[in-house]
Structures are given as structure tokens and as C-alpha cells.
Amino acid sequence: MVNIGNDWDQILADEWEKPYYQKLREFLKTEYKEQKIYPNMYDIFNSLRYTSFKDTKVVIIGQDPYHGEGQAHGLCFSVKKGVTPPPSLKNIYKELNSDIGMPIPYHGELTHWAKQGILLLNTVLTVREGQPNSHKGMGWEIFTDRIISELNRKEEPIIFLLWGANAEKKAQIITNPLHKKLITVHPSPLSASRGFMGCKHFSKTNELLMQFGMEPIDWEIR
């Protein structure tokens, strides 16, 4: 049984016993034993631990965790202090600088965002070292679909930032007219120039939050 430590425990209580999750759990046991897997097994559910269901007002959806040593720690696009920000995160920072004038930070840890109600969720929560998308199709997508479905039912507005094809697939789950979807390409160097740079999702998010009578996000990295 997974213990998250907030309201997600009650919301997801029945998920851990479902056949797909039991199968995923057995797969992960073997993977962590025989392969180098990221993030650390105790960090897999950090996105839910840092941002409760009740507090979620913005969702950023990534692909799968970073696959290099010491990078992934359970929050999409985030790396711990002391780890060089990867290229996708550097592009996020460039867009933040261009959009709202935020100074480029020296580190890549986004916990300050998570604590303000930004759920930093990957579509797949684990990965083999050096093999992006290696845990795709093993069951995580069903689990993260459930999270999005629960958020879709929320009666307070949520802004979903969907970056890239994997994240955009989640858009069809978001049917509640209260919520807003901002969609663009992934911030990876392979695609960022085709629409991520200049998308202004950060200022647009704060404009929407203020329209909803909600506190805007302090995007500056602390």
C-alpha cells in the first residue's frame, strides 16, 4: 500500500488493488532489482506528496522522468539543487524570462511551484537509466489518467499546461468546462522553437487565476 500523506490517499485508495497496478508493481520490483531506475523508489509519488488534491490549481504534465544519474526526484521537469538544469528546463526558464522577466535561476528545483498548488505530474512515473520512454505502456498511463479524471471532477477551476504529444493525449480527459487547457509543443530542444518559445503560458496562467479570483503563481525559483 502506497502512503502519500494527504487527501490523495483517500481518493486513490482503490487504485492500488486494481489488476493493472498489481502487475505494474511486480514489474517495478524486478526493474528496481535488476536495472538502474529513476527516480529513487521513495520519490516516485513526490508530485502527489507535494501538491494535495485540495490545493491543486495548476497542473503541468510532462512525459517521463529524466533518465540521467541524480536528476529525477518525482516532479516533472524538476531536478534537485546542485544538479545542472537539463535542456528542457533551461528552455522553460528562457520562456519565463521572455514572458514575465524572471531572472534565470542557478538551480532547477521546482518545489516552490509545487507548494503553491502546481501539480508537476509526468504521464509515466519511472524510467530506466539512459532509456527515455522505457516504462511507457506498463500501466503508469492508466494511473495518471485516474489522477487527471479526479481533478477533472473538481469544482474549483484548474489550469492544465499540456506540453508535448504525451501530455496533449490527456486533454480528452479534461471535459469539465470550469477548467482551462493551455497546449503547446514540448520544451525539449527538439521542438521548443516550434511553439513553446513565445507561448506565454506563465503570464496566461496568472491572468486566468486572477480572473477566477485565485492567487497568482509566484514563478520565481527560490
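This is a predicted model: local features need pLDDT of at least 70, side-chain atom pairs count only at pLDDT 80 or more; totals for chains, interfaces and linings use all residues.
Start by selecting helix 2, residues 19–34, together with helix 6, residues 140–152. Their axes come within 9 Å and cross at roughly 130 degrees, so the two helices are oblique to each other. The crossing is left-handed. To see the contact itself, show the side chains of Tyr20, Tyr21, Leu24 and Leu28 on helix 2, and of Trp140, Ile142 and Phe143 on helix 6. By class, this contact has seven nonpolar residues and no polar or charged ones.

Next, turn to the salt bridges, of which the whole structure has 10. Select Asp14 and Arg146, whose closest N and O atoms are 3.0 Å apart. Asp14 lies in the loop between helix 1 (8–11) and helix 2, while Arg146 is in helix 6, so this pair ties together parts that are 132 residues apart in sequence. Asp14 is partly exposed at 43% relative accessible area, whereas Arg146 is buried at 14%.

Now select Glu150 and Arg153, which form a salt bridge with an N to O distance of 2.9 Å. Glu150 is buried, at 12% relative accessible area; Arg153 is exposed, at 54%.

Last, go back to helix 2 and select Glu26 and Lys29, three residues apart, about one turn of the helix. Their salt bridge has its closest N and O atoms 3.3 Å apart. Glu26 is partly exposed, with 41% relative accessibility, and Lys29 is partly exposed, with 43%.

Key: Residues are numbered from 1 along each chain as its sequence is written. Side-chain values use heavy atoms; hydrogens and water are left out. Axes are lines fitted to C-alpha atoms, for helices over the stretch in contact, and angles run from 0 to 180 degrees between N-to-C directions. Helices (H or I, at least four residues) and strands (E, at least two) are DSSP runs, numbered from the N terminus. Angles under 35 degrees count as roughly parallel, over 145 as roughly antiparallel, 65 to 115 as roughly perpendicular and the rest as oblique. A crossing is left-handed if the near helix is turned anticlockwise from the far one by less than a right angle, and right-handed if clockwise. Contact means heavy atoms within 4.5 Å. Ala, Val, Leu, Ile, Met, Phe, Trp, Tyr, Cys and Pro count as nonpolar, Asp, Glu, Lys and Arg as charged, and the others, Gly among them, as polar. A salt bridge is a side-chain nitrogen of Lys or Arg within 4 Å of a carboxyl oxygen of Asp or Glu. Buried means under 20% relative accessible area, exposed over 50%, partly exposed in between (1.4 Å probe, protein chains only).
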